Amino acid sequence: MNKLAFLLLLALGIHRYEGVGNNADGFSLKPVRWTVVGGSSPRDIVSGRTVPITVQAEIAKGWHIYSLTQKPGGPIPLRLQLIGAPDVVVRGVIKAPKPERTFDKNFGIETELYSGSPRFTIPVGVSGRSGSGVRKFQVAARYQVCSDKLCLPPRVDSVGAAVRIAGRR
């Protein structure tokens with residue numbers, strides 16, 4: 001970072017903080033942290049079937065993200081996808097909590113948002129032709145996080161997950 005940018009950030013009182021929550025100045029450049037509920041140990045699955053994997057967003061107080069069903073023309077909606085193992089796919093509809101709906105004067109539309117600790121359950125499936133063994137992959141979350149004062153640029157965070165595939169039963 002060049003000296004001018006550093007001084008500008010210092011003057012504004014913005015300090016980088018990698019954890020969830022606010023620092024002493026009440027600002028964080030990363031106010032959302034993603035985890036796999038139950039840890040990243042492999043979930044058992046049979047070839048051709050699905051297994052639910054739940055991810056949770058820990059959203060710092062005063063911040064929110066937008067729903068999977070946020071309409072176009074405003075903020076960036078949440079998108080969850082699986083990356084890294086070609087035979088591991090989302091098979092079905094991702095279960096999400098009911099979002100809070102509110103008119104956002106900054107975007108001029110009704111928005112659907114989550115705050116706190118929302119959980120999203122992804123139906124993870126594997127092909128009937130998948131061989132047995134462990135498949136490691138990433139659950140990638142693309143989202144935009146905003147407060148009542150500002151929005152940070154969209155970002156992609158990912159968390160590791162795995163399935164252990166057994167032969168067809």
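Colleague: In which strand is threonine 54 found?

Modeller: Threonine 54 is found in strand E3, residues 50-59. Helices (H or I, at least four residues) and strands (E, at least two) are DSSP runs, numbered from the N terminus. This is a predicted model, in which local features need pLDDT of at least 70 and side-chain atom pairs count only at pLDDT 80 or more, while totals for chains, interfaces and linings use all residues. Residues are numbered from 1 along each chain as its sequence is written, and side-chain values use heavy atoms, with hydrogens and water left out.

Colleague: How many helices and strands are there in the protein?

Modeller: The protein has 1 helix and 12 strands. From the N terminus on, the order is α-β-β-β-β-β-β-β-β-β-β-β-β.

Colleague: Back to threonine 54: is this residue buried or exposed?

Modeller: The general idea is a cut-off on relative accessible area: buried means under 20%, exposed over 50%, and partly exposed in between (1.4 Å probe, protein chains only). Threonine 54 has 17% relative accessibility, so it counts as buried. Across the protein, buried residues make up 40% of the 169 residues.

Colleague: Which residues is threonine 54 in contact with, leaving aside neighbours within four places in sequence?

Modeller: Contact means heavy atoms within 4.5 Å. With those neighbours left aside, threonine 54 touches Thr35, Val36, Val37, Arg119, Phe120 and Thr121. Threonine 35 is 19 residues away from threonine 54 along the chain, and their C-alpha atoms are separated by 8.6 Å. For the protein as a whole, take the contacts between residues at least 6 apart in sequence: 71% of them join residues at least 24 apart.

Colleague: How should I read valine 145, and where does it lie?

Modeller: Valine 145 lies in strand E11, and it is buried, with a relative accessible area of 1%. Leaving aside neighbours within four places in sequence, its contacts are Pro31, Val32, Trp63, His64, Ile65, Cys151 and Leu152. Lysine 30 is 115 residues from valine 145 in sequence, yet the C-alpha to C-alpha distance is 8.9 Å.

Colleague: Which strand does E5 pair with?

Modeller: Two strands pair if DSSP finds at least two bridges between them. E5 pairs with strand E10 (residues 133-143) in the antiparallel sense, over 5 bridges.

Colleague: How many aromatic pairs does a search of the whole structure find?

Modeller: Rings of Phe, Tyr and Trp (its six-membered ring) pair if their centres lie within 6.5 Å; planes under 30 degrees apart count as stacked, over 60 as edge-to-face and the rest as tilted. The search finds 4 aromatic pairs. In one of them, tryptophan 34 and tyrosine 143 are tilted, at 5.7 Å centre to centre and 55° between the planes. This pair links distant parts of the chain, with tryptophan 34 in strand E1 (residues 32-36) and tyrosine 143 in strand E10, 109 residues apart. Both tryptophan 34 and tyrosine 143 are buried.

Another pair, tyrosine 66 with phenylalanine 107, is edge-to-face: 6.2 Å centre to centre and 85° between the planes. Tyrosine 66 lies in strand E4 and phenylalanine 107 in the loop between E7 and strand E8 (109-114), so this pair ties together parts 41 residues apart in sequence. Tyrosine 66 is buried at 0% relative accessible area, whereas phenylalanine 107 is partly exposed at 28%. One aromatic cluster is formed by Trp34, Tyr114, Phe120 and Tyr143.

Colleague: What volume does the largest cavity have?

Modeller: On a 1 Å grid over the protein atoms alone, a cavity is a set of points where a 1.4 Å probe fits but cannot get out, and a pocket is an open set with protein on both sides within 12 Å along at least five of seven lines; lining residues have an atom within 4 Å of a point. Grid points are joined across faces, edges and corners, and a volume is the space filled by probe spheres set on the points. The largest cavity has a volume of about 30 Å³. Its lining includes Trp34 and Leu80, and E12 gives the most to that lining, with 3 residues.

Colleague: Which residues lie nearest the centre of the largest pocket?

Modeller: They are His64, Asp104, Leu113, Ser147 and Asp148, from a lining of 19 residues. About 310 Å³ of space lies in this pocket. The largest share of its lining, 4 residues, comes from E7.
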